[in-house]
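Subject: Structure handover

Hello,

Here is the structure I said I would pass on. Please look through it first; my notes follow below.

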Amino acid sequence: MTAPLLETAALNKSFGGVHAVRDVDFSLAEGELRCLIGPNGAGKSTFFKMLTGQIAPTSGSIAFRGRRIDDLPPHAIARLGIGIKTQVPNVFDRLSVRENLWLGASRRARGRTAVAAVDRMLERLRLDSAAERQVGQLSHGQRQWVELGIVLLGDPTLLLLDEPAAGMTQDETARTAELIREINRTHALVVVEHDMQFVRSIARTVTVFNQGAVMVEAGVDEIMRDPRVRDIYLGKQAAA
Amino acid sequence: MTPVTANRLGGAVVAIAGFALLFGLPRLADEFVLLQVTVYAIMAILGLSLGFIWGYGGILCFGQSAFYGLGAYAYAVAAIDMGDSTIPFLLAIALPAALAAALGYFMFYARISDVYVGVITLTVALIFFNVVNSTSGAQYHIGAAMLGGFNGIPAIPPLNYPFDPDDALDPTDMFELSLGLLIALYFGLRALLATRFGRVVVAIRENEARVEFIGYDARLCKLITFTIGGAIAGLAGCLFANWGAFVSPTLFGIVQSAQIIIWVMVGGAGTLMGPICGSVFISWLATELGRQSAVNTPLLFGAILIVFVLLVPNGILPMLQQRFGHWVVRAPGARRVVAAGEPAQEQP
């Protein structure tokens, strides 16, 4: 058993009186694909923000390949190999698709290597015909892909995807699921998603967040059968 | 024509026009015109400093005059004390750059929001203005240089050829130096913006969070951008101190800061040529109006600002590019240029 790729221990975050994330012990193996589910306000996004250094934990620790990262600024965490696609597409709307991807590629590659990597990514995302267009003019789904492309060009060890299929058409969703499986051959991923159909099509293990804490962690089929999971999604809080 | 070709062509046109002016004007124009054009070139350098950090870096500095004034005073004091102008010239660039670096470090590494960057830079300019303004009296001097309070410092020694205090620059030399530096800065900044650093700076303006997620240190990039802007503004101050052989606290003033913002806004933030054109145009207008004294100049500038904010928010140059740009530039994927005799055809 090798050491985990990502490990959090007793991770907490409070905003004033709101305990957004409480005592989360999360562990991800090298190359694993994990889905995070949970209702709105369960603390998934806050959890992601702590992993990427956008906000500092109130207490607890985050380790990436055994190295503490909870005190690093976002760009330093990115350089260690953690890439994130945020919930709202976080792209350069007024720049071209090509420039967006070039910026993603140029952190590591220079000159022709970067340009060639961008060309390959345009093809892979099926965006070659839109390469010179401003990203802001594209559909929501396409902008999601541009963001995914930027992240992938940085060749991170671990990708965090926050609702990658939100606002996509069925075809786009299917293509995204396909992309995620493809990415998982070489990268570890943590995916936040609400669409259970989508989760089922990509995940093996699912972690369920509820009220800031990990409620249950199990195989996808087991989760789908779990009545508690159904209850929290339908808003029926277990009284006990 | 693709945008890249158009961009190169634009550069070539600017280079030809710039060099024509640089070598032609001293032969054609009298000294008065030469002096006027010199001060326009200096103002254009000042406009360029803000055009770079605001238009490209997205850093709205309300106190660009702090660096401008500091450059002017640094030159004035050092030139009076040293005689030879070589080191004062370098000091007038280094000191404002150091101030910008120190200020930028606290602002960007503390991640304060854009509004506060505006407030802090404005305040710093005001502090400089008030401090320098209240240095009247014999007790306020640096070496032999009397600071002179609101009266400023007169009779500043002119620039001389490096390490040769006896060979001072005449007005033609000053013209060539100012315009030459403007041309060099324009092309220098163009080249800088084409590098990875320059492209990341623009990306930070668009989306700072994404830049950091990619792994670039946005704080450091902003700090470098701001420092370059401070250095250029200091250079403009040094040239201005030379041009009139006089500096006064108004260089630090709020009016000066506001003017630079108006130049950039009118010309067009997000371009390099826009701030240059805006600076020259507004400075020319101010000179002409001042001569006729028919209209209250500040009032007119207020009106110009309002008109531009309401009607031409992007500035003159970007508006012209939008209106007429499609006559020259065809982006790939846009409608194809129809050659003569060829049937009109639309591409998807």
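Two strands are said to pair if DSSP finds at least two bridges between them. Helices (H or I, at least four residues) and strands (E, at least two) are DSSP runs, numbered from the N terminus.

This is a predicted model, in which local features need pLDDT of at least 70, side-chain atom pairs count only at pLDDT 80 or more, and totals for chains, interfaces and linings use all residues. Residues are numbered from 1 along each chain as its sequence is written, while chains are lettered from A and ligands numbered from 1 in the order in which they are written.

The sheet in chain A

Six strands of chain A make an open sheet with mixed pairing, in the order β6-β7-β8-β3-β9-β10. Its edge strands, β6 (82–85) and β10 of chain A, each pair on one side only. From one strand to the next, the twist averages 20 degrees. β6(A) and β7(A) (residues 158–162) run parallel and are joined by four bridges; in β7(A), L158(A) is the bridge partner of I82(A).

Two helices lie across strands of chain A. Helix α1(A) (residues 44–51) lies across β3 (33–37), β6, β7, β8 (188–192) and β9, at about 150 degrees to β7(A). Helix α6(A) (residues 170–184) lies across β3, β7 and β8, at about 150 degrees to β8(A). Axes here are lines fitted to C-alpha atoms, for helices over the stretch in contact, and angles run from 0 to 180 degrees between N-to-C directions.

Where the chains meet

Contact means that the C-beta atoms of two residues, placed from the backbone, lie within 7 Å. By that rule, 18 residues of chain B are in contact with 21 residues of chain A. On the chain B side, α7 (196–206) and α8 (208–214) each supply at least two residues.

Single residues

Q211(A) is not a glycine, yet has a positive phi of about 50 degrees. Q211(A) sits in the loop between β9 (205–210) and β10 (213–219) of chain A. Because Q211(A) has 16 C-beta neighbours inside 10 Å, it counts as partly exposed (buried is 20 or more other C-beta atoms within 10 Å, exposed is 12 or fewer, partly exposed is in between; C-beta atoms are placed from the backbone).

In chain B, A245(B) also is not a glycine and has a positive phi of about 55 degrees. A245(B) lies in the loop between α9 (218–244) and α10 (254–267) of chain B.

Regards
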